[in-house]
Number of protein chains: 2
Amino acid sequence: MTVSFWFEFASTYSYPSAMRIGSLAASHGVSIQWRPFLLGPIFRKHGWEDSPFNLYSAKGRYMWRDLERICARYGLAFRKPSQFPRNGLLASRIACEHADQDWCPAFVKAVYRANFEHDEDIGDPAVVAQCLPVPRADVDQVIAQATSGAAKLRLREQTEEAESAGIFGAPSMLVGDELFWGDDRLEQAIEFAAGGRD
Amino acid sequence: MTVSFWFEFASTYSYPSAMRIGSLAASHGVSIQWRPFLLGPIFRKHGWEDSPFNLYSAKGRYMWRDLERICARYGLAFRKPSQFPRNGLLASRIACEHADQDWCPAFVKAVYRANFEHDEDIGDPAVVAQCLPVPRADVDQVIAQATSGAAKLRLREQTEEAESAGIFGAPSMLVGDELFWGDDRLEQAIEFAAGGRD
């Protein structure tokens, strides 16, 4: 009855999934584990030093059009970012450190909207700070904590865990050992989790 | 009201689409143009000398499981081929030469079933011959014609046309200039065509 939602802040198709998963899971009585990870280290093992959407131009052109159609279908605002991919490292470390906080889903969605709706640089700590739904007095502490050695290590370990689980792209959903990849598999993953087969 | 269905006989996700598109299109009043092409020349430009599902093992493992789930969902028989990818060159040339024949869809589906249901070598002319729903007396002629220089040229030109249209994988559906990629976009493509926006 739990789905692990593996996302990467730079990932385009993770945006609609991050925006949709909350209500979808709730309507099926499924709980969510929010698991940020980094695609960079996984892609580099494929020999890719950039997003495959940049390396393979036809695929990239298609993706932007497809994403536009998906967002229109789900009523999500979308503006093609002027920079792609953006650096989601700080935001990922924060989401990794605070995955169990009740504000984490709101933070994740705010970062995705900054990137894919408002075309803001989510690599900029000031932008990340604005996305944090915590009391103003706590913002600096959350950001400082996310740059500690322990926080860096945890995100690295979580990325290794993703790879060990067979994850190669984002978003990915894990229900037990059953892997689902892509925004177009989100419903299927939630239904699988709701079936109690995890 | 027409969808161009671009398929490659070695492509795993083209199998469920080839089996499903006929009834789906008919129920929406959409006509189908059957357009075989080859992914090999397109992949080679990416530097891939093999299927990306073989080159990237995590993605390959996921694809086989995902395809199994898709076939189960649609009630399609499926056996993982003992060889992948198989050589669909002869079958593609035949489908390209005879795309407008009323037997072409039945031929295409028979070849896909040979590969993905019966684990037969579709590179073998004897297997291709068994898939041809034409009078026995015509089989040899159809196969001979498919190996003519003109037939080879037509498939090569059709593959170049696919690439020019922005196609980078299979199955792909084109409705006018609007491109849809993947079995999971088949319904969307048919609905788009039914909306008369082509």
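Okay, so first the ground rules: we're looking at a predicted model, where local features need pLDDT of at least 70, side-chain atom pairs count only at pLDDT 80 or more, and totals for chains, interfaces and linings use all residues. Residues are numbered from 1 along each chain as its sequence is written, while chains are lettered from A and ligands numbered from 1 in the order in which they are written.

Let's start with the sheet. In chain A, four strands make an open sheet, running β2-β1-β3-β4, with mixed pairing. Strands here are DSSP E runs of at least two residues, helices are H or I runs of at least four, and both are numbered from the N terminus. To pair, two strands need at least two DSSP bridges between them. At the edges of chain A's sheet sit β2 (31-36) and β4 (178-181), each pairing on one side only.

Now zoom in on chain A's β1, residues 2-7, and β3, residues 172-175: they pair antiparallel over three bridges. You'll find A:Trp6 opposite A:Ser172 in β3(A).

What packs on the sheet? That's helix α1 of chain A, residues 14-27, touching β1 and β2 of chain A. Contact means C-beta atoms, placed from the backbone, within 7 Å. The helix direction makes about 165° with that of β1(A); axes are fitted to C-alpha atoms, for helices over the stretch in contact, with angles from 0 to 180 degrees between N-to-C directions.

Over to the interface: 11 residues of chain B contact 11 of chain A. On chain B's side, α4(B) gives the most, with four residues.

Definitions and conventions:
Contact = placed C-beta atoms within 7 Å.
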